[in-house]
Amino acid sequence: MRKSYNEARPALEKELRQRHAEEQFYDLAERFRNLVYEQPDSLQPAAQALGLALETSDWFTHAAGSGIAAESRVREAAFDPEVVAHGRNSPAIEISVGTVLALRVLEHQAAASRPLAEVRSSIEQELRLRHARAEARKVGETLLARVQAGE
C-alpha cells in the first residue's frame, strides 16, 4: 500500500536531516584530519579552526586507562613512537560513530620498577589469593571425586 505524501513526509524529512548531518560530520572530520596532520606540533590550530575544546586525561598505561583512555585505540595511538618520542599529534581516530579525536602526549614517564616497600603488600595479597584459590581447587576436586565415587 502506498503512503500519501503527507504520511511519508515526516520520515522523508528525518532521513534528509540524517543524511545532511552525516555529510556535515564527514566534512568536518576530514577537515579535522587535515588540520591535525598539517600542524603536527599542536592540536590548538585544529581546535580553534573548528571551535573545539582541548581536553586532558589522567595518567594511563599502555594496558589500561580510564575515561577516554579506556579505549584501546586511544592507548595505541598515545604509545605510538611518533607520538611519544617525537611529540607529534596522533592521526585522527574514529573511536565511535560520530566521534573522532586526535591526541598528543604532554608528559610521558617511562616504565620503571617500583620499590619493594611500595608494592610489598599488594604482592603478598596476590600470593595469598593464589594460594587460597589453589587450596579451594584441591578441596573441590577431592569433593567431586568423592561424589563421583558415590560417597
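Visitor: Let's start with the strands. Which residue in E2 is the bridge partner of Glu94?

Guide: Keep in mind that this is a predicted model. Val100 is the E2 residue that bridges to Glu94. Strand E1 covers residues 93-96 and strand E2 covers residues 99-101; they run antiparallel, with 3 bridges joining them.

Visitor: How many residues sit between E1 and E2 in the hairpin?

Guide: There are 2 residues between them, and in that turn Gly98 has a positive phi of about 85 degrees.

Visitor: Is Asp27 buried or exposed, and why?

Guide: The idea is to compare relative accessible area with a cut-off: exposed means over 50%. Asp27 has 54% relative accessibility, so Asp27 counts as exposed. Helix H1 also holds Gln24, and Gln24 is partly exposed because its relative accessible area is 44%.

Visitor: What is the C-alpha separation of Gln24 and Glu151?

Guide: Their C-alpha atoms are 72 Å apart, and 127 residues separate the two along the chain.

Visitor: And which residues make the nonpolar surface patch?

Guide: Leu116, Ile123 and Leu127 do, giving a patch of about 280 Å². To place Leu127, look in helix H5, residues 116-148.

Notes: Residues are numbered from 1 along each chain as its sequence is written. This is a predicted model: local features need pLDDT of at least 70, side-chain atom pairs count only at pLDDT 80 or more; totals for chains, interfaces and linings use all residues. Side-chain values use heavy atoms; hydrogens and water are left out. Buried means under 20% relative accessible area, exposed over 50%, partly exposed in between (1.4 Å probe, protein chains only). Two strands pair if DSSP finds at least two bridges between them. Helices (H or I, at least four residues) and strands (E, at least two) are DSSP runs, numbered from the N terminus. Patches are made of residues with over 30% relative accessible area and no salt bridge: like charges are joined within 9 Å, nonpolar side chains (Val, Leu, Ile, Met, Phe, Trp, Tyr) within 5 Å. Accessible areas come from the Shrake-Rupley method with a 1.4 Å probe; for residues, only the protein chains shown count as cover. A salt bridge is a side-chain nitrogen of Lys or Arg within 4 Å of a carboxyl oxygen of Asp or Glu.
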